Amino acid sequence: MGSGDAAPSPRPSSLSSSSSPRRRYDSPVRRQRAAETRDRIVAAGAAILHEHPVWDWRALTVRAAAERAGVNERTVYRHFATERDLRDAVFRRLEEEAGVELEGMALDDVRAVTARTFAFVSSFPLDPRTPRDPTLVAANERRRAALLAAVEPYTAGWSAADRALAAALLDVLWGVPAYERLVADWELDPKEAARGLTWVIRLVEDAIRAGQPPGPAPAPEADAASGPGASGPGAGPAPGPAVG
């Protein structure tokens, strides 16, 4: 290009600004709608679980939560990166519904927390974790009969309900699920698990021999409100479930 040629004219400003980053549109209304959508998805997940036994989470999927909430799956993933994230949020919602708060829980709170948890769990359908094989059903009946017979000499003045409860507690402590929970979830040595269970069994046996029937169930809300660390109804320190 010769020296006499005119210099090229600059690009229009509209073209040069097209490469600048676009500002993300945001507003309080938009954030509120997003929060409401997220809450609706979590509530849908909780509603799905309320239709199944408390231990069965197979029905809670991204697709199921999306259908129940009336949104598409892409919307669910916009709020929860993975199905695990969705389940974690739903679990926290269930803890809120149960009034369970593990942070700051003291030993004096455990009974009230347990009562509150079981009261919540009772709202779920009851279904055995394993199929009821006839042989196992017969074995369980024999064990129940043996335990009732074992406690009967020491519980003559007890109500039938208290006598059955004492025998049932021994049955739970004797049962394999309690042992498996200690070994698998708490990672205890099998001998330590057996030592712990037999320790608690001995405490129950001593109470039975001393003529001390199970006491009244604690009132979850009353104990939570008056217990250490309570900050209001249902907000006292509190499983899994655990809800689990």
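How are α2 and α3 oriented to each other, parallel or perpendicular? To answer that, let's walk through the model together. It is a predicted model, in which local features need pLDDT of at least 70, side-chain atom pairs count only at pLDDT 80 or more, and totals for chains, interfaces and linings use all residues. Residues are numbered from 1 along each chain as its sequence is written, and side-chain values use heavy atoms, with hydrogens and water left out.

The protein chain holds eleven helices and zero strands, where helices (H or I, at least four residues) and strands (E, at least two) are DSSP runs numbered from the N terminus. Reading along the sequence gives the pattern α-α-α-α-α-α-α-α-α-α-α. Of the 244 residues in the protein chain, 26% are buried; buried means under 20% relative accessible area, exposed means over 50%, and partly exposed lies in between (1.4 Å probe, protein chains only).

Now back to the opening question. Two packed helices are described by the angle between their axes and the distance between the axes. Here, the axes of helix α2 (residues 28-49) and helix α3 (residues 62-69) come within 8 Å and cross at roughly 110°. The axes are lines fitted to C-alpha atoms, for helices over the stretch in contact, and angles run from 0 to 180 degrees between N-to-C directions. The two helices are therefore roughly perpendicular to each other, given that angles of 65 to 115 degrees count as roughly perpendicular, under 35 as roughly parallel, over 145 as roughly antiparallel and the rest as oblique. On the α2 side, the contact (heavy atoms within 4.5 Å) is made by Arg40, Ile41, Ala44, Ala47 and Ile48, and on the α3 side by Ala64, Ala65, Arg68 and Ala69. By class, the residues of this contact are seven nonpolar, no polar and two charged. In this scheme Ala, Val, Leu, Ile, Met, Phe, Trp, Tyr, Cys and Pro count as nonpolar, Asp, Glu, Lys and Arg as charged, and the others, Gly among them, as polar.

Leaving aside neighbours within four places in sequence, arginine 40 is in contact with Ala69 and Val71. Arginine 40 and valine 71 are 31 residues apart in sequence, and their C-alpha atoms are 9.4 Å apart in space. Threonine 75 is buried, with a relative accessible area of 12%, and touches Thr37 and Ile41, not counting residues up to four places away in sequence.

Ala166, Leu170, Leu173 and Trp174 in α8 meet Leu197, Val200, Ile201, Val204 and Ile208 in α10. The residues of this contact are nine nonpolar, no polar and no charged.

Staying in helix α8, you will find aspartate 171, which is buried, with a relative accessible area of 18%. Beyond its neighbours within four places in sequence, aspartate 171 is in contact with Arg143, Arg144 and Leu147. Alanine 164 is also found in α8, but is partly exposed, with a relative accessible area of 37%. The C-alpha atoms of alanine 164 and leucine 148 are separated by 6.7 Å, though the residues are 16 apart along the chain.

Most residues other than glycine have a negative phi. Glutamate 187, however, has a positive phi, near 55°, and is exposed, with a relative accessible area of 69%.

Our last stop is the second largest pocket, with a volume of about 190 Å³. On a 1 Å grid over the protein atoms alone, a pocket is an open set of points where a 1.4 Å probe fits, with protein on both sides within 12 Å along at least five of seven lines, and lining residues have an atom within 4 Å of a point. Grid points are joined across faces, edges and corners, and the volume is the space filled by probe spheres set on them. The lining consists of Leu147, Ala150, Val151, Tyr154, Leu170, Trp174, Ile201, Glu205, Ile208 and Arg209. The elements giving two or more residues to this lining are α7 (134-151), α8 and α10, with the largest share, four residues, coming from α10. By class, the lining has eight nonpolar, no polar and two charged residues.
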